Amino acid sequence: MSTTVETVSAAVRTAPAAVVVAIDGPSGTGKSSTSKAVAAQLGLSYLDTGAQYRAITWWMLNNGVDVQDAAQVATAAAKPVIVSGTDPAAPTITVDGEDASGPIRTQEVTSKVSAVSAVPEVRTRITELQRAIAAGAEKGIVVEGRDIGTTVLPDADLKIFLTASPEARAARRSGEVKGSDLAATKEALIKRDAADSGRKTSPLAKADDAVEVDTTELTLQQVIECVVTLVGETRAAK
């Protein structure tokens, strides 16, 4: 009996500390790929907050809401039921019970998501959802987005802000979409940056205590290794 107790106690002592990691940055910096890989490698949950904003945008487009009308968007913000799966190996997202992982990645949703996510009522609704998911992650979680370290989880154990040159980001995005135009992709990214950084509610911004990682000249594996090291240091200090 005592051996069992000692074994359990030893396991508790050696178990890695639960850690909440906030990874922010604009599109094309490698946030999603890095966050999923780090979470999978370290046994943490994973949350793509951008997918939630895409999901609510997709729902509004499907339900006749004029997404350019902030009042209509605000009124509808509480209606859809959005559920995010946090397994980094197979993250899922459903809206009113329907799998939305494919539909939310269309160009139509991409072009409208900034307008919808700028509405304060939408951000309040989604932020509450994100905080609840993070609080329920027993072993810790990697949460990626644009305002995680500044607004959603200001007390996160580790905050990372990924950056990259517009050219590098556009090249990565063009590589993801077959037949896409590099110049048009770059222009769209810069426009999205301006919208996200300039909105009044929870703009895209680097937290004062975030570690900035410029991914322009780094491979994905190098970025992952960098973040894993930072998480390890954070865990060791807890």
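Aspartate 157 is partly exposed, because its relative accessible area of 33% falls between the limits for buried (under 20%) and exposed (over 50%), as computed with a 1.4 Å probe on protein chains only. The model is a predicted one, in which local features need pLDDT of at least 70 and side-chain atom pairs count only at pLDDT 80 or more, while totals for chains, interfaces and linings use all residues. Residues are numbered from 1 along each chain as its sequence is written, and side-chain values use heavy atoms, with hydrogens and water left out.

The side chain of aspartate 157 meets that of lysine 238 in a salt bridge, with 3.4 Å from N to O; the term stands for a side-chain nitrogen of Lys or Arg within 4 Å of a carboxyl oxygen of Asp or Glu. Aspartate 157 sits in the loop between helix H7 (148-152) and strand S7 (158-163), and lysine 238 in the segment after H10, so the pair ties together parts that are 81 residues apart in sequence. Helices (H or I, at least four residues) and strands (E, at least two) are DSSP runs, numbered from the N terminus. Lysine 238, at 53% relative accessibility, counts as exposed.

By this rule the count comes to 6 salt bridges. One of them joins lysine 186 to glutamate 167 at 2.8 Å, N to O, and it links distant parts of the chain, since lysine 186 belongs to helix H9 (residues 182-198) and glutamate 167 to helix H8 (residues 166-176), 19 residues apart. Lysine 186 is partly exposed at 28% relative accessible area, and glutamate 167 is partly exposed at 45%. In a further salt bridge, glutamate 212 pairs with lysine 206, their closest N and O atoms being 3.3 Å apart; glutamate 212 is partly exposed at 44% relative accessibility, and lysine 206 is partly exposed at 37%.

The segment that holds lysine 238 follows H10, and H10 (residues 220-237) packs against helix H2 (residues 31-42) at an angle of about 50°, with the axes 9 Å apart. Here axes are lines fitted to C-alpha atoms, for helices over the stretch in contact, and angles run from 0 to 180 degrees between N-to-C directions. H2 and H10 are therefore oblique to each other, the class left over once angles under 35 degrees (roughly parallel), over 145 (roughly antiparallel) and 65 to 115 (roughly perpendicular) are set aside. Residues of H2, among them Ala37, Val38 and Leu42, meet residues of H10 including Val223, Ile224 and Arg235, where contact means heavy atoms within 4.5 Å.
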